[in-house]
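Good morning, and thank you for coming. Please look at the structure as it comes up, and I shall then take you through a few of its features.

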Amino acid sequence: MAIFTTNFRVKLKPYLGILYGLLASFFFSMMSVCVKLVAYDFLLVVSIRCCVQALLLQPIIIWQRKDISKGCQRPQVYFIFGRTIAGIIASCSSFYAYQNLNIGDASAIIYSSPLITGILAAALLKEKFALFNLVATIVSFAGVVLVARPPFIFGSQGNESQIHFTVAGIAFVGALSYSCVILNIRKIGNSVDRYVITYYFAIACFIIPLIIFSATAVYQLPPCNNTRWLLILIGVLGFLGQISLTKAIQLEKASLIAVVGTTDVIFGYILEVIIFRSVPTLLSIIGSILVIASSSAIGIKKWHDIKSENDLQV
């Protein structure tokens, strides 16, 4: 039995990174379902999620003796600030989209962010942006248009189509913000530990949405029912997803993990059908396939390029 277990672990080891990536996508998809199920304002949901995340990160930072003061040094502090603000906008936009859109549709729009990152990285960081990337970006944008279905292209079908397009636009703001998060993290590099960066974000993302909500609405405690458990579960699932994603990137190439991450869209549609009995439209399915295909093509090409460079060095 012990020999069988050892052999299984040896065979499984090369695929651990991909398995952790799939696990992260599943956790994030389940978190999206909980966000849609919870009958609570999206700003407070974001705030509570980050409060739970900060509480769960605290023991890790203490146990591993992370130096959080490095995040306050120049120039890293500017990029951490940028990552934090962009992350808050991304989280709020995404949670609002999850509550008001089909989960798969929202995920498809949000997961166009890697291609937006390529454009912004070429413009701001002077990174190479090949013709292949441009074609993939155009295909992905076409997919986003099919999912968003703007009334000025597909025609208006009453107030519902306008609301759908508006919420899809907010989801796209979330995708843009996620791209800004990635750019700021690239600028930080390895000078500040990833847990410290996430900890700063969690603290700020707990406080700022709470202040915005307090200034614009009347605060109410969540009802004494399943809502409170769902709010805690959102924080736990988000934390588990983040840890799994971090572990996946440690074990496997980030480009390949980005491809695996697109399964979040598939999980989203499956859970939407099973839990909410909501069947996506044909245009949404086609658009999602275009987004997944273009993101996957970029990730696979990057993985292949890195592999070819390593083979040449050997």
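I begin with the surface, where Leu37, Ile266, Ile270, Ile274 and Ile275 form a nonpolar patch of about 420 Å². Such a patch joins nonpolar side chains (Val, Leu, Ile, Met, Phe, Trp, Tyr) within 5 Å, from residues with over 30% relative accessible area and no salt bridge; the areas come from the Shrake-Rupley method with a 1.4 Å probe, with only the protein chains shown counting as cover.

This is a predicted model: local features need pLDDT of at least 70, side-chain atom pairs count only at pLDDT 80 or more, and totals for chains, interfaces and linings use all residues. Residues are numbered from 1 along each chain as its sequence is written, and side-chain values use heavy atoms, without hydrogens and water.

Helix H13, residues 263–276, gives the patch its largest share, four residues. Helices here are DSSP runs (H or I, at least four residues), numbered from the N terminus. Ile266 lies in helix H13 and is partly exposed, at 42% relative accessible area. Partly exposed lies between buried, under 20%, and exposed, over 50% (1.4 Å probe, protein chains only).

Which residues meet in a salt bridge? The side chains of Glu272 and Lys36 do, at 2.9 Å, N to O. The pair links distant parts of the chain, 236 residues apart: Glu272 in helix H13 and Lys36 in helix H2, residues 16–37. A salt bridge requires a side-chain nitrogen of Lys or Arg within 4 Å of a carboxyl oxygen of Asp or Glu. Glu272 is buried, at 1% relative accessibility, whereas Lys36 is partly exposed, at 21%.

Methods: Patch = residues over 30% accessible without salt bridge, like charges linked within 9 Å, V, L, I, M, F, W, Y side chains within 5 Å. Helix = DSSP H or I, 4+ residues; strand = E, 2+ residues; numbered from the N terminus.
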